[in-house]
Amino acid sequence: VWLNEVNDFVFNESALLGDAVGDGITDDTAAFQAAIDSLGVFGGVITLDANKKYYIASNLTLKPNVTLRGTYGMVGSPATNISAPYGQLGSAILLNPAATIKLKGGAGVDGILVYPVGMVFPAADASGFSGTAFTAEGDDCFVINSMILGFNTAFTSTNYQRANIFNVKIDCVNGIYISNCADIARIDNVHCWPFATIAALGG
């Protein structure tokens with residue numbers, strides 16, 4: 001389904017979701033990459049189903065000006081984090097920790113929950129946290145309104161400018177790493193806390 005006015009590719013059951021299963025088990029990398037690559041030179045938006053979890057087994061590259069958009073809403077933790085069912089939420093990417101999501105210039109994610117495939121909640125501790133969720137490969141990339149759990153590093157950028165990271169919650173060994181940035185990165189309302197481990201009294 002093409003929305004010609006905004007050049008968006010809508011990822012839903014009436015479009016290419018015949019290829020993207022969204023069960024958290026089947027590898028949906030090829031379906032995602034095909035949707036990304038099908039967008040024109042001006043990019044566009046791919047919307048994830050609110051009720052599905054997508055397993056990405058190998059590196060996923062968002063070409064310039066492409067946005068992955070989900071409906072993920074931040075989950076509160078009244079009294080204890082046991083009531084925060086991260087593993088049951090949709091608009092989620094379950095990423096192979098040996099892979100990363102590469103963000104080209106102007107590309108990014110909005111409203112996505114990302115955690116390693118096979119992760120359970122609450123996590124006992126951070127000893128199994130590994131890999132990097134997002135890797136900048138261009139200027140002006142972004143991660144907004146999202147949550148990143150269970151990796152060694154949430155976001156890394158080397159030699160790229162003006163990364164934008166807004167309203168992001170992180171439970172990783174390390175948060176945001178930016179080096180050799182010649183023009184200012186913008187980071188606002190980023191909260192790092194043991195979201196995934198606190199209910200198990202883990203570190």
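Is Arg 162 buried, partly exposed or exposed? In this predicted model, Arg 162 counts as partly exposed, at 25% relative accessibility. The legends below present this residue and other close-up views.

**Figure 1. Arg 162 and Asp 139 meet in a salt bridge.** The nitrogen-to-oxygen distance between the two side chains is 3.9 Å. Arg 162 belongs to the loop between S14 and strand S15 (164-171), and Asp 139 to the loop between S12 and S13; the pair thus links distant parts of the chain, 23 residues apart. Asp 139 has a relative accessible area of 27% and is partly exposed. The value for Arg 162 is 25%, and this residue, too, counts as partly exposed.

**Figure 2. Asp 183 forms a salt bridge with Arg 162.** Here the closest N and O atoms are 3.0 Å apart. Asp 183 lies in the loop between S16 and strand S17 (186-192), and Arg 162 lies in the loop between S14 and S15, so parts that are 21 residues apart in sequence are tied together by the pair. With a relative accessible area of 34%, Asp 183 is partly exposed. Through salt bridges that share partners, Asp 139, Asp 140, Arg 162 and Asp 183 are joined into one network.

**Figure 3. A salt bridge joins the side chains of Lys 104 and Glu 137.** The structure holds six salt bridges, and in this one the N-to-O distance is 2.8 Å. Lys 104 is placed in the loop between strand S9 (101-103) and strand S10 (108-110), whereas Glu 137 is in the loop between S12 and strand S13 (142-149); the pair therefore ties together parts that are 33 residues apart in sequence. Lys 104 counts as partly exposed at 27% relative accessibility. Glu 137 is likewise partly exposed, its relative accessible area being 25%.

**Figure 4. Five strands make up an open sheet with parallel pairing.** The strand order is S6-S9-S12-S14-S16. Strand S6 (60-62) and strand S16 (174-179) are the edge strands, each of which pairs on one side only. On average, and with direction ignored, neighbouring strands of this sheet are turned by 15° against each other. Within the sheet, strand S12 (residues 132-136) runs parallel to strand S14 (residues 153-158) and is joined to S14 by three bridges. Thr 135 stands opposite Thr 156 of S14.

**Figure 5. Strand S8 (residues 92-95) is covered on both faces.** Ala 92 and Leu 94 on one side are buried, as are Ile 93 and Leu 95 on the other. In a regular strand, side chains alternate between the two faces of the sheet. Strand S5 (residues 53-56) pairs with S8 in the parallel sense over four bridges; Ile 56 has Leu 95 in S8 as its bridge partner. Four bridges also join S8 to strand S11 (residues 113-116), and these two strands run parallel. Ala 92 is found opposite Leu 113 in S11.

**Figure 6. Phe 32 and Tyr 54 form an edge-to-face ring pair.** The count of aromatic pairs in the structure comes to four. For Phe 32 and Tyr 54, the ring centres are 5.1 Å apart and the planes lie at 65°, so the pair is edge-to-face. Phe 32 is part of helix H1 (residues 29-38) and Tyr 54 of strand S5, so the pair ties together parts that are 22 residues apart in sequence. Phe 32 is buried, with a relative accessible area of 0%. Tyr 54 also counts as buried, at 0% relative accessibility.

**Figure 7. Tyr 86, Tyr 115 and Phe 121 are linked into a cluster by ring pairs.** Tyr 115 and Phe 121 make an edge-to-face aromatic pair, with 5.1 Å from centre to centre and 85° between the planes. Tyr 115 counts as buried at 2% relative accessibility, whereas Phe 121 is partly exposed, with a relative accessible area of 23%.

Figure 8. The relative accessible area of Thr 67 is 10%, and the residue is buried. Neighbours within four places in sequence left aside, Thr 67 is in contact with Gly 44, Val 45, Ile 46, Gly 108, Asp 110 and Phe 142.

Terms used. Residues numbered from 1 in each chain as written. Predicted model: local features only at pLDDT ≥ 70, side-chain atom pairs only at ≥ 80, totals over all residues. Heavy atoms only, no water. Pairing = 2+ DSSP bridges. Axes fitted to C-alpha atoms, helices over the stretch in contact; angles between N-to-C directions. Salt bridge = Lys/Arg side-chain N within 4 Å of Asp/Glu carboxyl O. Buried < 20%, exposed > 50% of the residue type's maximum accessible area, 1.4 Å probe, protein only. Contact = heavy atoms within 4.5 Å. Phe/Tyr/Trp six-rings, centres within 6.5 Å; stacked < 30°, edge-to-face > 60°.
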